[in-house]
There are 2 protein chains.
Amino acid sequence: MQRMVVGRLVRKKALFSASTSRAFKSFNTIAPSLLDLDLPDIWTSNPTETTNHHLPFLRNGAASDQFAAVIDGKSIADEIRSGIAGEVRRMKHSIGKVPGLAVILVGQRRDSQTYVRNKIKACGEVGITSMLEELSDDCGEDKVHNAVLKFNDNPSVHGILVQLPLPQHMDEEKILNAVSLQKDVDGFHPLNIGNLAMRGREPLFIPCTPKGCIELLVRSGVEIMGKRAVVIGRSNIVGLPISLLLQRHHATVTLLHAFTKSPEEITREADIVVSAVGVANLVRGSWLKPGAVVIDVGTNPVEDCNSEHGYRLVGDVCYDEAVKVVSTITPVPGGVGPMTIAMLLGNTLDSAKRTYRFG
Amino acid sequence: MQRMVVGRLVRKKALFSASTSRAFKSFNTIAPSLLDLDLPDIWTSNPTETTNHHLPFLRNGAASDQFAAVIDGKSIADEIRSGIAGEVRRMKHSIGKVPGLAVILVGQRRDSQTYVRNKIKACGEVGITSMLEELSDDCGEDKVHNAVLKFNDNPSVHGILVQLPLPQHMDEEKILNAVSLQKDVDGFHPLNIGNLAMRGREPLFIPCTPKGCIELLVRSGVEIMGKRAVVIGRSNIVGLPISLLLQRHHATVTLLHAFTKSPEEITREADIVVSAVGVANLVRGSWLKPGAVVIDVGTNPVEDCNSEHGYRLVGDVCYDEAVKVVSTITPVPGGVGPMTIAMLLGNTLDSAKRTYRFG
């Protein structure tokens with residue numbers, strides 16, 4: 001294939017250390033703030049200069065003979081949670097306050113009940129107060145709305161989480177819009193998403209799962225700037241915000257969805273692949289470029305008669321195939337999942353710090 | 001090159017005609033509303049089925065021997081403006097009201113003065129009332145802020161436009177944030193951008209230039225769904241929102257910026273290329289796939305001693321080269337430019353209709 005290179009890209013040195021006065025340094029994450037990431041785009045056309053086509057990977061060479069490095073999301077999340085616990089103690093000791101998270105759970109979905117239980121348990125472990133409002137499936141929308149308003153007004157609540165999905169008869173958008181922006185620790189409010197997308201802006205909260213994915217990449221030493229990233233799946237809560245976030249980190253991002261033709265060809269061009277579709281084993285080994293980095297957000301139950309509960313969890317990526325091709329991969333479970341809860345705790349801590357102006 | 005196809009994409013029929021109750025039908029544009037565009041993403045994995053690799057183009061074959069179809073933006077914009085003028089007359093006749101646009105111009109920049117003059121002239125031609133607040137370069141930020149608040153409170157103003165760029169000593173974000181969401185006809189407010197990005201949401205206003213680009217594509221019979229689109233440049237006012245908008249139209253979008261490696265290779269994979277960088281002739285013929293569709297947003301002055309003013313305007317795309325390769329292209333000037341003003345008039349009309357509940 002003929003490759004012509006006629007574009008020269010001039011880069012300014014990344015000023016990651018130069019914090020602006022507006023940039024808010026998040027809890028003990030190590031990813032730089034979005035405002036600190038903003039760099040001028042300087043394009044020039046220069047037909048004589050060439051650039052390198054082949055990007056450096058964490059590990060190169062005869063990739064099919066070796067196994068990928070596996071990112072231990074649980075251990076990274078544990079480290080972050082331990083840092084959060086320390087900050088909560090320091091806050092309690094200094095000003096006599098602790099962060100508070102309110103969770104609204106509507107209905108009896110087993111998976112939602114499990115998620116909520118895990119979140120509340122995690123709060124307890126780091127010293128964050130949690131409040132749970134359980135409502136029945138057939139309660140009126142106004143009851144959920146009122147629960148949101150009550151927590152909006154409660155000064156000891158710094159984060160409000162409406163467990164999704166809500167029952168079908170409820171207007172999810174309307175209820176989520178009622179959550180105070182200052183307490184939207186999920187980061188799903190469109191104003192937060194707009195500020196996530198726009199250069200020069202910073203959302204009050206970055207959605208937890210996307211924030212966790214970036215943290216895994218940064219802590220694993222994966223360079224994002226200038227890399228080709230493919231995000232598979234465009235949900236409002238994972239795929240879309242992770243694509244926006246990778247863009248703010250200066251990756252060249254392609255967002256794939258179910259109307260994409262030949263997703264396997266496009267994915268094969270990516271240095272970083274994030275899959276958040278919810279289809280077991282959608283992404284095969286043949287979809288992946290040797291040496292790529294894979295972040296698998298999918299958590300899909302598949303039948304397994306050898307397992308205690310009759311099923312086990314697998315990701316969107318066919319792990320056994322991928323591990324022979326890529327340089328780095330997150331496992332399912334134990335990859336992105338634990339990071340989501342850690343980021344939720346961190347966002348709640350950040351919110352309380354902002355409220356009490358506690359640095 | 002080996003191409004393996006292991007993903008089958010199930011598509012639901014586009015329900016473009018099925019308008020939802022929330023979807024707002026814009027003035028006489030023909031692009032469907034964003035909510036009407038929302039379709040479920042249904043992914044399945046099926047290793048046996050194959051898909052077509054080569055997408056249909058408007059024109060195919062020995063592309064280098066034939067010239068591209070040139071999209072006449074001026075004539076399309078004239079048609080839209082004539083429709084807007086008819087709607088404004090109907091509104092005046094029915095309820096005795098006309099739309100009003102307020103423009104705030106700070107400083108003496110020649111280009112800004114020209115843009116503002118053109119916008120005000122265009123308002124007059126379709127019967128929209130315009131108000132101009134001119135402030136000096138060295139006026140305080142509070143003066144600009146107060147001008148915004150004054151127009152926010154003025155019931156005969158339905159759109160407020162702060163001509164950018166503002167003088168460097170002013171906080172652009174703060175001033176733009178002060179513009180009432182209901183009058184943000186530029187669509188630059190982060191809440192509008194968030195709603196533009198998120199499935200199931202609809203912004204009050206779609207930014208004018210991106211909206212004009214989509215309208216040119218749709219009116220030229222270019223199918224967007226399932227096509228690979230590359231947007232070159234990621235400004236908050238053009239590149240970023242056009243990438244979000246193309247995604248809502250189900251293109252597979254890659255957003256390129258100055259940190260992208262080998263932009264020419266990525267661009268060469270695109271069926272639709274939108275360039276909004278502001279570098280004359282950045283995109284060469286060799287960057288383009290035969291049969292691609294090119295929307296050139298760039299408007300760059302280059303020296304030309306044969307021209308009356310000593311310069312002429314060219315796009316980001318090297319037109320003479322591109323026209324031999326692609327199937328369809330917008331010229332500069334006379335392509336996207338006239339559409340931007342037409343969309344501004346349309347957004348102002350929509351805003352007035354919304355205010356007066358005039359259908």
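Figure 1. A search of the whole structure finds zero disulfides over all chains, a disulfide being a pair of cysteine sulfur atoms within 2.5 Å. This is a predicted model, in which local features need pLDDT of at least 70 and side-chain atom pairs count only at pLDDT 80 or more, while totals for chains, interfaces and linings use all residues. Residues are numbered from 1 along each chain as its sequence is written, chains are lettered from A and ligands numbered from 1 in the order in which they are written, and side-chain values use heavy atoms, with hydrogens and water left out. Cys139(A) counts as buried because its relative accessibility is 8%, and Cys318(B) counts as buried at 14%; here buried means under 20% relative accessible area, exposed means over 50%, and partly exposed lies in between, with a 1.4 Å probe and protein chains only.

**Figure 2. Helix α8 of chain A and the residue that follows.** Helix α8 (residues 239–248) of chain A has 10 of its 10 residues buried, so the helix is largely enclosed by the rest of the structure. Helices (H or I, at least four residues) and strands (E, at least two) are DSSP runs, numbered from the N terminus. Among the buried residues of α8(A) are Gly239(A), Pro241(A), Ile242(A) and Arg248(A). After α8(A) comes His250(A), which lies in the loop between α8 and β8 of chain A. His250(A) is not a glycine, although its phi is positive, at about 75°. With a relative accessible area of 2%, His250(A) is buried.

Figure 3. A cavity is a set of points, on a 1 Å grid over the protein atoms alone, where a 1.4 Å probe fits but cannot get out, and lining residues have an atom within 4 Å of a point. Residues of both chains line the largest cavity, including Leu240(A), Ser243(A), Leu244(A) and Gln247(A) together with Leu240(B), Ser243(B), Leu244(B) and Gln247(B). The elements that give two or more residues to this lining are α8 and β8 (252–256) of chain A, with α8 (239–248) and β8 (252–256) of chain B.

**Figure 4. Strand β10 of chain A between its partners.** In strand β10 (residues 293–296) of chain A, Val293(A) and Ile295(A) point one way, whereas Val294(A) and Asp296(A) point the other way, and all are buried. Strand β9 (residues 272–275) of chain A runs parallel to β10(A) and is joined to it by four bridges, where two strands pair if DSSP finds at least two bridges between them. In this pairing, Ile272(A) stands opposite Val293(A). Strand β13 (residues 328–329) of chain A is also parallel to β10(A), with two bridges between them, and here Val294(A) stands opposite Ile329(A). The loop between β9 and β10 of chain A holds Asn281(A), a residue other than glycine with a positive phi near 60°. At 32% relative accessibility, Asn281(A) counts as partly exposed.

**Figure 5. Charged side chains over aromatic rings.** Lys150(A) lies over the face of Phe151(A), at 4.9 Å from the ring centre, and the charged end of Arg354(A) sits over the ring of Phe205(A), 5.0 Å from its centre. A charge sits over a ring if NZ of Lys or CZ of Arg is within 6 Å of the ring centre and within 35 degrees of the ring normal.

**Figure 6. Two cis peptide bonds in chain A.** The peptide bond from Leu164(A) to Pro165(A) is cis, with omega near 0°, and Pro165(A) is found in the loop between β6 (159–162) and α5 (172–178) of chain A. Val332(A) and Pro333(A) are likewise joined by a cis peptide bond, with omega about -5°, and Pro333(A) lies in the loop between β13 and α11 (336–355) of chain A.

How values were computed
On a 1 Å grid over the protein atoms alone, a cavity is a set of points where a 1.4 Å probe fits but cannot get out, and a pocket is an open set with protein on both sides within 12 Å along at least five of seven lines; lining residues have an atom within 4 Å of a point.
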